[in-house]
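I opened my notebook to follow two topics through this chain.

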Amino acid sequence: MTYIMRSSFILFFVSTLFLQGTLGSFICEELPTNVCGFAIATSAKRCLLENSSGNDGKVQYQCKTSEVVVANMREHIETDECVDACGVDRNSVGISSDALLDSQFTSKLCSPACYHHCANIIDLYFNLAAGEGVYLPDLCNKQRTNPHRAMAELSSNGGPIEGAADAPAPSPVSF
């Protein structure tokens with residue numbers, strides 16, 4: 001019995017090594033479009049979905065590599081659970097910080113199911129928010145305690161939420 005178990009283990013281990021060597025690099029352009037959004041390549045660059053018109057006039061979608069590098073994460077395809085928990089759309093083309101103005105979206109993004117378990121999506125929106133002078137942890141705290149006030153402060157002058165001017169550049173999420 002131990003011989004069979006040992007042989008099975010060795011076969012599994014060798015198969016795993018072979019599979020890793022066969023798969024090689026994780027390249028955005030080789031991903032199916034239905035998993036492209038929120039994926040991260042071997043190069044640690046984010047994948048993004050782009051569209052163009054084909055010769056027949058129909059819209060065609062393609063997964064492309066962006067120039068945005070993610071610290072401490074690579075070869076990642078976001079789970080359907082995180083996509084659902086965070087309220088994001090894997091099939092959307094482009095991404096904007098404007099989504100942070102939508103209280104329903106921000107509520108999902110700041111929910112414990114998203115904020116504490118979906119580091120990739122939180123990192124992306126943390127950086128988008130910081131680009132607008134908003135510190136995502138502060139926005140989420142205000143969203144939990146007084147969602148109407150958080151949205152009013154965010155949209156009143158299109159500017160940062162109180163205290164966000166000193167927002168650090170790196171993500172608060174450790175991977």
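**Disulfides and cores**

I began with the link of C86 and C114: the torsion about its S-S bond is about 100 degrees, so this disulfide is right-handed. I note that the model is a predicted one. The two sulfur atoms of C86 and C114 sit 1.9 Å apart. I then looked up where the partners lie. C86 is in helix α2 and C114 is in helix α4, so I read the bond as linking distant parts of the chain, 28 residues apart.

Next I took C82 and C118. They form a disulfide with an S to S distance of 2.1 Å. I looked up the torsion about the S-S bond and found -90 degrees, a left-handed link. C82 belongs to helix α2, while C118 is in the loop between α4 and α5, so this pair ties together parts 36 residues apart in sequence. C82 and C118 are both buried.

**C36 and C63**

I moved on to C36, which a disulfide joins to C63, sulfur to sulfur 2.1 Å. Here the S-S torsion is about 80 degrees, so the link is right-handed. C36 lies in the loop between α1 (2-23) and β1 (45-53), and C63 lies in strand β2 (residues 59-69), so the bond ties together parts that are 27 residues apart in sequence. I found C36 buried, and C63 as well.

**The whole set**

How many disulfides does the count come to? I get 5. I then numbered the bonded cysteines in sequence order and wrote down the pairing: 1-3, 2-4, 5-9, 6-8, 7-10.

**The largest nonpolar core**

I turned to the cores with one general point in mind. Nonpolar side chains tend to be buried together in soluble globular proteins. The largest nonpolar core here has 23 residues. I listed the members that touch the most others: V88, L100, L109, C114, I121, Y125 and L136. Two or more residues come from each of α2 (80-86), α3 (103-109), α4 (112-115), α5 (119-131) and α6 (136-145). Which element gives the largest share? I found that α5 does, with 6 residues.

Leaving aside neighbours within four places in sequence, L136 is in contact with L100, L109, Y115, I122, Y125, F126 and A129.

**Another core**

Last, I noted another core, of 9 residues, lying apart from the largest one. Among its members are F26, C36, L49 and C63.

Key. Residues numbered from 1 in each chain as written. Predicted model: local features only at pLDDT ≥ 70, side-chain atom pairs only at ≥ 80, totals over all residues. Heavy atoms only, no water. Core = buried A, V, L, I, M, F, W, Y, C linked by side-chain atoms within 4.5 Å. Buried < 20%, exposed > 50% of the residue type's maximum accessible area, 1.4 Å probe, protein only. Helix = DSSP H or I, 4+ residues; strand = E, 2+ residues; numbered from the N terminus. Contact = heavy atoms within 4.5 Å. Disulfide = S-S within 2.5 Å.
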